[in-house]
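Visitor: I would like to question the labels put on this structure. Please set each value against its cut-off.

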Amino acid sequence: MFCSKKKPLEVKRIVKANDREYNEKFQYADNRIHTSKYNILTFLPINLFEQFQRVANAYFLFLLILQLIPEISSLTWFTTIVPLVLVITMTAVKDATDDYFRYKSDKQVNNRQSEVLIDSKLQIEKWMNVKVGDIIKLENNQFVAADLLLLSSSEPYGLCYIETAELDGETNLKVRHALSVTSELGEDIRRLANFDGPDTKLMQNSGKTKFKRTSIDRLMNTLVLWIFGFLICLGIILAIGNSIWENQVGTQFRSFLFWNKEEKNLVFSGFLTFWSYIIILNTVVPISLYVSVEVIRLGHSYFINWDQKMYYSQKATPAAARTTTLNEELGQIEYVFSDKTGTLTQNIMTFKKCSINGRIYGEEHDDLGQKTDITKKKKPVDFSVNPQVDKTFQFFDHSLMESIKLGDSKVHEFLRLLALCHTVMSEENSAGQLIYQVQSPDEGALVTAARNFGFIFKSRTPETITIEELGTLVTYQLLAFLDFNNVRKRMSVIVRNPEGQIKLYSKGADTILFEKLHLSNEDLLALTSDHISEFAGEGLRTLAIAYRDLDDKYFNEWNKMLEDANAATDEREERIAGLYEEIERDLMLLGATAVEDKLQEGVIETVLSLSLANIKIWVLTGDKQETAINIGYACNMLTDDMNEVFIIAGNTAMEVREELRKAKENLFGQNRSSSNGHIVPEKKQQLELDSIVEETVTGDYALVINGHSLAHALESDVKNDLLELACLCKTVVCCRVTPLQKAQVVELVKKHRNAVTLAIGDGANDVSMIKCAHIGIGISGQEGLQAVLASDYSFAQFRYLQRLLLVHGRWSYFRMCKFLCYFFYKNFAFTLVHFWFGFFCGFSAQTVYDQWFITLFNIVYTSLPVLAMGIFDQDVSDRNSMDFPQLYKPGQLNLLFNKRRFFICMAHGIYTSLALFFIPYGAFYRDTGEDGQHVADYQSFAVTMATSLVIVVSVQIALDTSYWTVINHVFIWGSVATYFSILFTMHSNVMFGVFPNQFPFVGNARNSLTQKCIWLVILLTTVVSVMPVLAFRFLKVDLFPTLSDQIRQRQKAQRKARPLHSRRPQTRRSSSRRSGYAFAHQEGYGELITSGKNMRAKNPPPTSGLEKTLSNSTSWIENFCKKTTDTMSSFNQNKTVKL
Amino acid sequence: MNKPQEEQLSLLPDNTALKQQRLPAYRLQLSASKVLSGFFATGAFCLGMGIILLLSAKSIKEVEINYTNICASCAKLRENAINFDKECSCSIPFYLPEIMQGNVYMYYKLYGFHQNLYHYILSRSNTQLMGKNIKDVEKCGSFQKTSNGTPICPCGAIANSMFNDTIILLYNLNSSIYIKVPMLSRGITWWTDKYIKFQNPKSIDLPSAFEGTAKPPYWRKPIYELDEDDPENSGFVNEDFIVWMRTAAFPTFKKLYRRLHRIQYFTEGLPAGNYSFNIAYNFPVTRFQGEKSVVLSTLTWSGGSSLFLGLVYTVTGAVTWLASFSMMAIHLMLAKRKMFFPNYKVKL
């Protein structure tokens, strides 16, 4: 049972079915999904409250209040309030739009229709109005938007098949039973709403959405704190300066001026000065920083949404940045945690190849006898003669069809086995087409293949299996069903054919089955074994196929023993297992099948490219170890070139610890011996890079760990061993893990490696991991929505991850870093001149610039060019970003913006502020204008400084911008032009005439900026500020070019004649031998089949008509009410919906 | 997913250059040729400009006489604020060895006078000074009204502390005759200041225009008597007043006081010879440990350019050239290395 946080643990729920009044007493939550935050009335107060909770905004509010104190005020009120209002309005608009979209999507879910029994009638009701205790009628293929208790279904034994794609992305059907007491109640599926709205298992499991922050965010916050500390230091220096100055000069000067103010206390004067300077210098951390960062991220998010190369046309799904605040983190990913099913694989199994009696079918041979890969260009086998074909099935080798036609008995037997030995249920739809209900997609693939080759599984009863063999219906008697389990790794059926022969058909893992073969199979075994290795080498899932002829007598004896065993009370399982062993021997090998667990498109290339980018990929899957390893090989994460693949599969803590220890020993041991061998220079370079981060080992290792072991390994004392081992491995595969474990693994890496993690998945079982990782990605365009809803980014195909990270992520990071560097530089240069000026103006908190300039500098004069750079800049093209995954590394190592970089920017800013202040100071100190007038008046000085500053920072951004689009041109030139036009407007006679107190700089621009010496000063300032930076950058690129620099140079050369870039060849691993048994299979289906529980007595067409249901609905309701009201009182709904 | 066709199409992002981040763009690349030629050009320009500025600064003739201590007795008198009404003048003879050719400007220069204090700069009323509302003294801080409540005109600390020495330059024509060097007291302000920023209130005559206001406490005369010879130059539009009101950025500053009227003996400038400054010493600089001097100066094409600008230009130019030479050397060395080790390039 789950409980919500506020209420005490809910031990039981008392619900009276179909009694809304009674249930209302308990005030269970309603079924409305409510994720939006505001409504029209609450928006303003709540939003403002939230905004001022942000430290930055609160800080600026505090400054604003300070400014209103006349003794402290050193800036006019508008210098702070204009940017603050602008920032808050922009954020509010963004919040409002976000919330509106949330509201819209809620509405869509809430308004889905359901049929609810109200007043003894079925009524159409919106899902949001469904109440706890309601009885709901569901029909085939309906959405379910609450946790339900299955009361009854139209299927026999109250079974129902549910698809949990929206929960876990798995499309195979899961069986749920109704309770026996309720199961006889009616035909269609009827369910009792048990948990609603926020109480649903899903909503409770989804956990609180944590507010994700990027590492740049955290760094930025630290830096802002540092800057604030720096600010306080400056303030203190100036305050002390003020006290000293007042003491030595100020008091005398004041008395000379007849300044009638009461004698000031020196310390108090210093104190006031401190606050005044805090106000003036606050522009070091301009309020527009946070907004600009948001705007840039928003821009990057739109680029992701707009990217045609991440649009999946088959499902009409574009990529979507659902969170707009994490983009640059995409450029710093070190670990990718990937789900398997639906993410790496399509969860589609196709029958690819088989080996029958030593001959491989399914391979194409060209004229030279060379094997070629099956390509789409080849003509597939034409199955149209067979009316029952599954049209989606394609096979390219015509020789198998020929063999069937020639009547090769082994081939027939092989296909017959496929048609007989399985747990598939068949059904005919209204069009008379056969529909298979498969419990595992592997089996589906095999049975479908047999069907297309003319061995059509038609129907089954508990005692018989009817198949159509090349046009003739044959009914086999099903004598025994030897079910699958994890130890046996095989399943068998024993059937009697119409001729009366008894046969055992078996399929299973090659390793297991090969031990059971008759000795006469030796040659065939060797051949088939080779074939299986070959299949496995291609990443196919293999099964060995064998049969055995049984004579009546033997079987009867055996069967009797089996019945005894079944009846036995003690050691029943063991006895049965023994009997199974007994009969499944001396098998005759038929061959092997190879099923492809279809990878998503481009997975191999993506994995390769990401690993070149030094991104470690961990596969976390609920699948079995074999399946997981298989996929690991299929998508090249595991290769035979690897020095070792460690498999941790211990069941106890001790075992796990021991295994981990051994693996580590092994790893370091091998490393020691191989390290004095050859080291590739490239590797060496990489080592240097990594050496700070972690110990490195040469050679590739992989770790496979299963869920049980993981549970132990995640315990505190072994955790570090696990982590250490795992991080040294190139690939880590965790199989059979629960959703919670997925999150724990992510958390482990996140916490202890201090690395940026990304989780990608498609189902609800990935939600916790998606939420836990720094970046969560949901595969969209599939039925399941939960992963997408929890994710930060979504797209339809795993392969888009490559583009998202290597192009969008890298650019975002690159741009954000450039932006931040420039922004801090700019504001240091802008603000620190006040500090220098303090020493000349008696520390009186006089600003250097005009108040309007201070107001507009960050939001008008310099905001757009840097935003344009932050949004559009590219160092290398997207194509080169993809072609050279190594370009991604600076992001992982956080090279482009870190504390060191920040200090460089800060030093740059301080240097510029020195040049900005002292060059005009030196020049003006004695200078006069062309008309003999003094130029060193405060206003001219302010205008000169402001103009120099705007020009210097514009030149700087022009140098920083490496990708000059039209927009950059417009913004950069436009900003300078805007500065001058605003300057001249504000200094115009008209403005002064209307507002003499606000615009006292009348005539200043035209008088100052027509002086030659002022332009000489501006020019000199620009040269002195920019040249050293330029020289430094040039030397850096020349002496220590980064990969990006080199590629940029190449790019330039390439542009004229671009050679066709050859894509990296797909590397497929050479064959290797692995056990390939890989059923996505559950135990227990055999029993279901033999008991006939999952079969209808007759085969009525699926009923969906409402009239029919209504006619008998009263009866089952009455029955139901009588029988079940008291038994309903408490339920473990784990039985109802299993995640 | 059985969405209608149009919707599917609409989901496909537009194939525009902007949305696909394919905007045609110039890729800025700091190539060696560009950077080095830029550096050479800049260096050449700065060096040239520096030399020109240095030469022109050299050509400037300048005489500065610090008279704080020369007129020690007056300074002593002014130290006590009670004596502010008493007159005191002193005469400072000096010899000009060379002719000062062309326009000659006379400045007063103050040391240690902080016209740039925050509260000082604010202590003025623009509405009053533009003649709009002479009784608007709200922003003038401590100098709003006299003790009996009459608004001060011009109000504020700036106006109150106006420089009020009178400096007359005398030329020793021959052994005994000193003639007054003709000086212009007008044309020493910006047009915008004189005609926009400072305006006398409209009235029949000046005294009535300023009726109902009091003179600043530190002043001897009311505003409308600032220039007794020229009523056009009196009131707020008095150019000495305007010059003073344009506050200086630094504690040491010089302000234009007079310019030479080039007539009679002075059409070429100030001829060499003996001169004397006659100074009515009113401004008490010693009280705040300041100093004051009087400056005569000529100008060049760029104004009264100082050595500083020329010097910094020259140094910048030299350093830039030095930097470009060393950068070139480094670059060529690297190019050589690349030729011998072609592997240095991008590894693919």
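**Labels and their cut-offs**

Guide: Start inside chain A: both A:Asp597 and A:Lys340 are buried. One caution: this is a predicted model.

Visitor: What makes A:Asp597 and A:Lys340 a salt bridge?

Guide: The closest N and O atoms are 3.2 Å apart. The cut-off is 4 Å between a side-chain nitrogen of Lys or Arg and a carboxyl oxygen of Asp or Glu. The pair therefore qualifies. A:Asp597 sits in strand S22 (residues 588-599) of chain A, and A:Lys340 in the loop between strand S9 (333-338) and strand S10 (345-356), so the bridge ties together parts that are 257 residues apart in sequence.

Visitor: Why is A:Asp960 called buried, but A:Arg1033 partly exposed?

Guide: Buried means under 20% relative accessible area, and exposed means over 50%. A:Asp960 has 10%, so it is buried. A:Arg1033 has 29%, which falls in between, so it is partly exposed.

Visitor: How do you know that A:Arg1033 and A:Asp960 form a salt bridge?

Guide: Their closest N and O atoms are 2.4 Å apart. The limit is 4 Å, so the pair counts. A:Arg1033 belongs to helix H37 (residues 1012-1039) and A:Asp960 to helix H33 (residues 938-960), so the pair ties together parts of chain A that are 73 residues apart in sequence.

Visitor: Which residues of chain A are linked in a network of salt bridges?

Guide: A:Lys94, A:Asp217, A:Glu294, A:Arg297 and A:Glu328 are linked in that way. Over all chains, the search finds 43 salt bridges.

Visitor: What is the count of salt bridges between chain B and chain A?

Guide: One. B:Arg246 pairs with A:Asp937, with 2.9 Å between the closest N and O atoms. B:Arg246 also meets B:Asp193 in a salt bridge, at 2.8 Å from N to O. B:Arg246 lies in the loop between helix H9 (239-245) and strand S9 (253-260) of chain B, while B:Asp193 is in helix H7 (residues 191-197), 53 residues apart.

Visitor: Are B:Arg246 and B:Asp193 buried or exposed?

Guide: Buried. B:Arg246 has a relative accessible area of 7%, and B:Asp193 has 2%.

Visitor: How many residues are in contact across the interface of chain B and chain A?

Guide: 102 residues of chain B are in contact with 112 of chain A. Together the chains bury about 9,600 Å², 63% of it on carbon and sulfur atoms. On the chain B side, B:Gln21, B:Arg27 and B:Phe250 lose the most area, together 9% of what that side buries. The interface also has 26 residue pairs in polar contact. By class, the chain B side has 56 nonpolar, 30 polar and 16 charged residues.

Visitor: Why is strand S12 of chain B called largely enclosed?

Guide: Seven of the eight residues of S12 (residues 291-298) are buried, so the rest of the structure largely encloses this strand. S2 (residues 62-66) of chain B joins S12 through five bridges, antiparallel. There B:Val63 stands opposite B:Leu296. S5 (residues 104-111) of chain B joins S12 through eight bridges, also antiparallel. B:Val104 stands opposite B:Thr298.

Technical notes: Residues numbered from 1 in each chain as written. Chains lettered and ligands numbered in written order. Predicted model: local features only at pLDDT ≥ 70, side-chain atom pairs only at ≥ 80, totals over all residues. Heavy atoms only, no water. Contact = heavy atoms within 4.5 Å. Buried area = accessible area lost by both parts, 1.4 Å probe. Polar contact = N/O pair within 3.5 Å; in protein donor to acceptor, adjacent residues only side chain to side chain. Nonpolar A, V, L, I, M, F, W, Y, C, P; charged D, E, K, R; others polar. Buried < 20%, exposed > 50% of the residue type's maximum accessible area, 1.4 Å probe, protein only. Helix = DSSP H or I, 4+ residues; strand = E, 2+ residues; numbered from the N terminus. Pairing = 2+ DSSP bridges.
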